[in-house]
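Q: Could we go through the aromatic and helical features of this structure? Please start with the term needed for charges and rings.

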Amino acid sequence: MFENMRVKDVRSVIRYRPNIKKWSARNRKDHIVGIQLQGSAYHRFSYQEFVLSGNCIFFLNQRDDYDVEVIDATEAFSVHFTTYDKIDTDSFCIPITNTSEIEAILHKAENAKGAGDELKLLSLVYQLCAELERIRQKTYSPKDTRMLAAKGYMDIHFKDSNCLSKAIKQSGLSYRRFNDLFKHQFDTTPNRYLTDLKIEHAQLLLDAKSLTVTEIAEMCGFSDVYYFSKVFKQICGVPPSKWK
C-alpha cells in the first residue's frame, strides 16, 4: 500500500471536531490518515460504506469522494498530505484496541508541524503510514482459528475468574505461546483484552445508575472494589463514582 509512496507535501496535522451533521467530500487534493478519537459517523462511498467510530484508524484516499453523516459528536486526529504518485489502495477504517502508538506519532507530527521541522514531520508521516499498513496487513491476514475461538469464549465468559485459564486450556497452547499468538492476531494482550471487556461492561452498568460501585465491580469480575476503581480510572480517566 504505502511501500513505494513518495510524500510531496504534508499540508496539515489537525484535530477535527465537525459542528455540522452532514457534508460531502468531493475532489479533494489530500490523502488523510489518522485515528477517530471519539464519536461515530457513516462514510458512504460509491463502492462501499463504513462507520468510522472511536479507536478506528483510517485512510481516506484522495481519489475517493464520499458523504458523511454524523451519528455521535466526533473528533478525529489526522494528517493531510499529497503524494507524487497515486495510491491504489481503497479508503478503509480498522478498529484497534491499543491506540497509544498511533496517537504518539500524531502528537509528534503535530509538534513538528508547529515547529516548522519539515524533515522530522516527513519522517513521522512515513512512520505513521507504515504503522497503519502493519495493522492493515495483520487485520486482513487469515486469523488463527484457535485465537478466534479463544476470543469468542472470552467475549462471553469475561466475568469468570478462570476465564483466561480455560481459554488457554481449550486452545491446547502454553500460556506464553497463547499470549504471543493472541497479541499478534488482535494487537493486544489477552489480559488487557479481558480488562477492556470488563470496563466496557462496567460503563454500561454505571450508566444505568441503579447499582453501587461495589455491586458493579463484582458483576464485572473484580473481587476487589478498590482494584476495580483503580483500573477504571486508569482506563477512563475518572473513578467509577464520577463516571457520567
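A: A charge sits over a ring if NZ of Lys or CZ of Arg is within 6 Å of the ring centre and within 35 degrees of the ring normal. In this predicted model, Lys198 meets that description, lying over the face of Phe222 at 5.3 Å from the ring centre.

Q: Over which ring does the charged end of Lys151 sit?
A: The ring is that of Phe186, with the charged end of Lys151 5.8 Å from its centre.

Q: Which residues form one aromatic cluster with Phe222?
A: Tyr227, Phe228, Phe232 and Trp243 form the cluster together with Phe222.

Q: And how many aromatic pairs are there in the whole structure?
A: The search finds 12. The pair of Phe45 and Tyr47 is tilted, because the ring centres are 5.8 Å apart and the planes meet at 45 degrees. Phe45 is buried at 10% relative accessibility, whereas Tyr47 is partly exposed at 38%.

Q: What about Phe59 and Phe92?
A: They form a tilted pair, 5.9 Å centre to centre with 45 degrees between the planes. This pair links distant parts of the chain: Phe59 belongs to strand S5 (residues 56–60) and Phe92 to strand S7 (residues 92–95), 33 residues apart.

Q: Is Phe59 buried or exposed?
A: Phe59 is buried, at 0% relative accessibility. Phe92 is buried too, with a relative accessible area of 6%.

Q: Changing topic, what span should helix H2 have?
A: Helix H2 (residues 118–140) has 23 residues, so at 1.5 Å a residue it should span 33 Å; its end C-alpha atoms are 33 Å apart, which agrees.

Q: Which residues in H2 are buried?
A: Among them are Leu121, Leu124, Val125, Leu128 and Leu132, and also the residues Glu131, Arg136 and Lys138.

Terms used:
Residues numbered from 1 in each chain as written. Predicted model: local features only at pLDDT ≥ 70, side-chain atom pairs only at ≥ 80, totals over all residues. Heavy atoms only, no water. Helix = DSSP H or I, 4+ residues; strand = E, 2+ residues; numbered from the N terminus. Expected span 1.5 Å × (residues − 1). Buried < 20%, exposed > 50% of the residue type's maximum accessible area, 1.4 Å probe, protein only. Phe/Tyr/Trp six-rings, centres within 6.5 Å; stacked < 30°, edge-to-face > 60°.
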